[in-house]
Amino acid sequence: MVSKEQIERIKNSVDIVQVISQYVSLQKVGSNYRGLCPFHSEKTPSFHVNPTLKLYHCFGCGASGDVIKFIQEIEHISFQEALQKLGRQAGIEVKFSSSQSGKDEYVEYLFRVHTEYRNCLRKNSEVVQYLFDRGLNDREIEEYEFGYCPGGSKIAYEVASKLSLQFSKAIRYGLMRKVESGYVDTFENRIIIPIKDDFGRIVAFGGRTVSNREPKYLNSPETPYFSKRSVLFMFDKAKKAIKGVDFVVVTEGYFDAIAFHRIGVTNAVATLGTSLSEIHLMKLKPLTKNIILCFDSDDAGKRATMSTLKIFLENDFDVAIAQFKEKDPDEVLRKSGADMLKDTLKKALPFEEYIIEFYSKQFELSTTSGTERFLMQLRPWTRLMLSLKKIERYENLLRIISSKTRLSTAQLSEYFKSKAIQRTKFVKTNLPSDEDYLIYLYITREDLRREISKIDRSLIREQTAEILDLLENNLDLSEFDEETRKYIFDVMSKIPPGDSLKIFEDIKKNFIRKSIEKRLSQIDSKLAICKDERERANLLRERLRLISSLNGTGGGQSGA
């Protein structure tokens, strides 16, 4: 597996404008380059490339991403192939194929250890009974290749010895650890669940304790050949079914995905205790755009559902959410049977209905303040739906909100769209404002970021403050929502190169002036009601001092 650092090195080593120019005729417009979008038919150029952000974005169809994604999409190749192609251009070797011998050794080692764990399971009647109690039968135990690592096991050590594998490697692979008496298996006293890559090769183990030992589940560590962000559990078995039925069931845990496979829903996969990644999305996109999320019904599962739902929607997937009376799909199958689990899947809520249900439980909708806070939570989702042109889903959302709040759909539409219009007006200003410059300078001048962060957020628009917060936490714009990316691209294109330090000094003066004017306004309000002569004298002295400072910044105020 190529490291994140190497991926970033390749992205920074190639010129995104030169790469895209091989496929699209680009013309320089301000800080951007513009051309006809290669991903949809158009007569007026709406495809922009920004060399500073190292991103492309089409204002027509919404296509957006970095140079690796562009090569993937334009040549219809995998992430690995795109990375190798760009690596060759940058003179950086990407060792997918040359490291294969190392992966072969790794896979062979895990396969041999797993074979021994399967033998141990067959000999342990108590652990077999545990699986029986979870509803599995002999055939299923074999089919899903469960194993068992006994307490005090040295299987990983013994297999490494037979393969002449360095013990330091075996330790890095996470299958054994050093103790005073020698070596012991990492997964001792756990049921072993094999985790496979897209081609059915074992690349990691999941371990489920059969006692009260914590953690309940244990995964293999990250290695050069295994990353949780690049693997979906059961994907090797599910991918054909996913393409055939044109939807995928996404669960949280091993036993949840297995539960669906046991009842014939073989298009189910599971994430491995991590958030959805770009690599997961790349695996699913060629197969389907339809998702049913089946995360746990507890609070943590609901939060995970909302964050995962947002990622799927931003990538233009259509999502429904299954809701369980029990904690998770595996528990539904064990307690209520296959028909109930299938029925729950059939009754999955469209995403807009789930969003409303999620937020409506958090606020008292019989009160004005509760309703206002409820609508504020929904505003970003309506923006997203409108930007993705999911008009029918948006209108359905309005109808459901109307039934819950007694507001008409017309009122709700005006509320949500008025907010979007305000943001649009803010985004589309022809001349760059001080706040546009703040965003521009934060992105382009690392040395000014600390100073920009010190500016009083109460003096700037809510939208600008939100974007600065996002940039402070993450400068990877490919992870921002489409509306924010559009705004930043617009800013970068309309601000010409100039003396950044002089610009920033002028902006600082403007904000100092705003701060003084804000304080003067507060003093004037106090003077209007102040009856204490001493306090009044202090306020007047402060007012005179501030007016003097204001004149020093090039401002002025009447009534001094």
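Two strands pair if DSSP finds at least two bridges between them. By that rule, strand β6 (residues 147-149) and β9 pair in the antiparallel sense, over three bridges. The model is predicted.

- Seven of the seven residues of β9 are buried, so the strand is largely enclosed by the rest of the structure.
- Lys196 stands opposite Ile202 in β10.
- β9 and β10 form a hairpin, with five residues between the strands. Gly200 lies in the turn and has a positive phi of about 85°.

**The cavity**
- Rolling a probe the size of a water molecule over the atoms shows where empty space is left.
- The count comes to one cavity of 30 Å³ or more.
- The largest cavity has a volume of about 100 Å³.
- Its lining includes Glu143, Tyr144 and Glu145, along with Ile193, Pro194 and Lys196. Phe233, Met234, Asp236, Lys237 and Ile258 also line the largest cavity.
- Two elements give two or more residues to this lining: β9 (190-196) and α10 (235-245).
- β9 gives the most, with three residues.
- Six lining residues are nonpolar and five are charged; none is polar.

**The five-stranded sheet**
- An open sheet of five strands runs in the order β13-β12-β14-β15-β16. Its pairing is mixed.
- The edge strands are β13 (268-270) and β16 (349-350), and each pairs on one side only.
- Strand β12 (residues 248-251) and strand β14 (residues 290-294) run parallel, joined by four bridges.
- Thr251 stands opposite Cys294 in β14.

**His48**
- His48 is found in strand β3 (residues 47-50).
- Is His48 buried or exposed? Its relative accessible area is 12%, and buried means under 20%, so His48 is buried.
- The side chain of His48 makes a polar contact with the side chain of Asn32, at 3.5 Å.
- Not counting residues up to four places away in sequence, His48 touches Asn32, Tyr33 and Arg34, as well as Leu55, Tyr56, His57, Phe59 and Phe489.

Technical notes: Residues are numbered from 1 along each chain as its sequence is written. This is a predicted model: local features need pLDDT of at least 70, side-chain atom pairs count only at pLDDT 80 or more; totals for chains, interfaces and linings use all residues. Side-chain values use heavy atoms; hydrogens and water are left out. Buried means under 20% relative accessible area, exposed over 50%, partly exposed in between (1.4 Å probe, protein chains only). A polar contact is a pair of N or O atoms within 3.5 Å; within protein, one must be able to donate a hydrogen and the other to accept it, and residues adjacent in sequence count only if both atoms are side-chain atoms. Contact means heavy atoms within 4.5 Å. On a 1 Å grid over the protein atoms alone, a cavity is a set of points where a 1.4 Å probe fits but cannot get out, and a pocket is an open set with protein on both sides within 12 Å along at least five of seven lines; lining residues have an atom within 4 Å of a point. Grid points are joined across faces, edges and corners, and a volume is the space filled by probe spheres set on the points. Ala, Val, Leu, Ile, Met, Phe, Trp, Tyr, Cys and Pro count as nonpolar, Asp, Glu, Lys and Arg as charged, and the others, Gly among them, as polar.
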